[in-house]
Amino acid sequence: MSKATCPLCTETGGALVFQADKFRVIRADEVGFPAFYRVVWTQHVAEFSDLNASERALCMAVVCAVEQALRDHLHPTKINLAALGNVVAHLHWHVIARFDWDTHFPAPVWAGSARARDAAREAAVQQRQPLVEQDMLERLALM
Ligand SMILES: [Zn+2]
């Protein structure tokens, strides 16, 4: 995948939460998952090991900050971290707050669903997005 055709080089990829030189944090628009964030590395690299040691440390610190904000404000059943890149081979980490009531739990979000959506609970999570994202901003501004 070249930079010219890479969707993470040519588009933001979601609602922009935080932008730094080396990375950005976006909220993904994934139906049924209102607390689904991605840490997108700015440079077009495919693999985590393409980063040098200090870049890897920064990337993981960012992932950790996003995770901690989700935990503090949403108290999810579990946080899922994943870096797949099979479809878009541009380094990005998924940071997903998972709830035992979400449609796919305990399977990965990419698997088949296990139950119907719980609109009220999804809405309750959505209502907390501003708090979560303000917390992320404060944590990320320190990096
Ligand atoms: Zn790219």
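Residues are numbered from 1 along each chain as its sequence is written, and side-chain values use heavy atoms, with hydrogens and water left out. Because the model is predicted, local features need pLDDT of at least 70 and side-chain atom pairs count only at pLDDT 80 or more, while totals for chains, interfaces and linings use all residues.

## Zinc site

The zinc ion is coordinated by Cys-6 (SG), Cys-9 (SG), His-44 (ND1) and His-90 (ND1), at 2.0 to 2.3 Å. Donors are N, O and S atoms within 2.8 Å of the metal (3.2 Å for Na, K and Ca); water is not among the atoms, so sites may look incomplete. The angles among the 4 donor atoms run from 102 to 118°, and the site is tetrahedral. Four donors count as tetrahedral if all angles lie between 85 and 135 degrees. Along the sequence, the donor residues follow the spacing C-x2-C-x34-H-x45-H.

Cys-6 has a relative accessible area of 0% and is buried, whereas Cys-9 has 31% and is partly exposed.

Pro-7 lies in helix H1 (residues 7–10). Helices (H or I, at least four residues) and strands (E, at least two) are DSSP runs, numbered from the N terminus. Leaving aside neighbours within four places in sequence, Pro-7 is in contact with Met-1 and Val-88; contact means heavy atoms within 4.5 Å. The C-alpha atoms of Pro-7 and Arg-115 are 31 Å apart in space, and the two residues are 108 residues apart in sequence.

H2 has 22 residues and reaches 31 Å from its first C-alpha to its last, close to the 32 Å expected at 1.5 Å a residue. The expected span is 1.5 Å times one less than the number of residues in the helix. The buried residues of H2 include Glu-55, Cys-59, Glu-67 and His-73, along with Val-62, Val-63, Leu-70 and Leu-74. Their packing partners are S2, S3, strand S4 (78–82), S5, H3 and H4.

Just after H2 comes His-75, with a positive phi of about 45°, although His-75 is not a glycine. His-75 belongs to the loop between H2 and S4.

Helix H4 (residues 129–141) has 13 residues that should span 18 Å at 1.5 Å a residue, and its end C-alpha atoms are 18 Å apart, which agrees. Its buried residues are Gln-129, Val-132, Glu-133, Asp-135, Met-136 and Leu-140. Seen down the axis of H4, these fall within an arc of 155°, so they line one face of the helix. The arc is that of the directions from the helix axis to the C-beta atoms. On the other side of H4, Pro-130 and Ala-141 are exposed. The buried residues pack against strand S1 (15–19), strand S2 (23–27), strand S3 (36–41), helix H2 (53–74) and helix H3 (119–127).

A disulfide is a covalent bond between the sulfur atoms of two cysteines. The search criterion is a pair of cysteine sulfur atoms within 2.5 Å, and a search of the whole structure finds 0 disulfides. For Cys-59, the closest cysteine sulfur is that of Cys-64, at 12 Å, which is too far for a bond. Cys-59 is also buried, at 2% relative accessibility.

## The loop between S5 and H3

The loop between strand S5 (92–98) and H3 holds Trp-110. Not counting residues up to four places away in sequence, Trp-110 touches Phe-36, Ala-82, Leu-84, His-94 and Ile-96. Trp-110 and Ala-4 are 106 residues apart in sequence, with their C-alpha atoms 27 Å apart.

Pro-106 lies in this loop between S5 and H3. The peptide bond from Phe-105 to Pro-106 is cis, with omega near 5°.

## Accessibility of single residues

| Residue | Relative accessibility | Class |
|---|---|---|
| Pro-7 | 27% | partly exposed |
| Leu-131 | 46% | partly exposed |
| Trp-110 | 47% | partly exposed |
| His-75 | 62% | exposed |

Leu-131 is placed in helix H4. Its C-alpha atom is separated by 29 Å from that of Ala-111, 20 residues apart along the chain.

Definitions and conventions
Tetrahedral: all angles 85-135°; square planar, octahedral: opposite > 155°, others 65-115°. Buried < 20%, exposed > 50% of the residue type's maximum accessible area, 1.4 Å probe, protein only.
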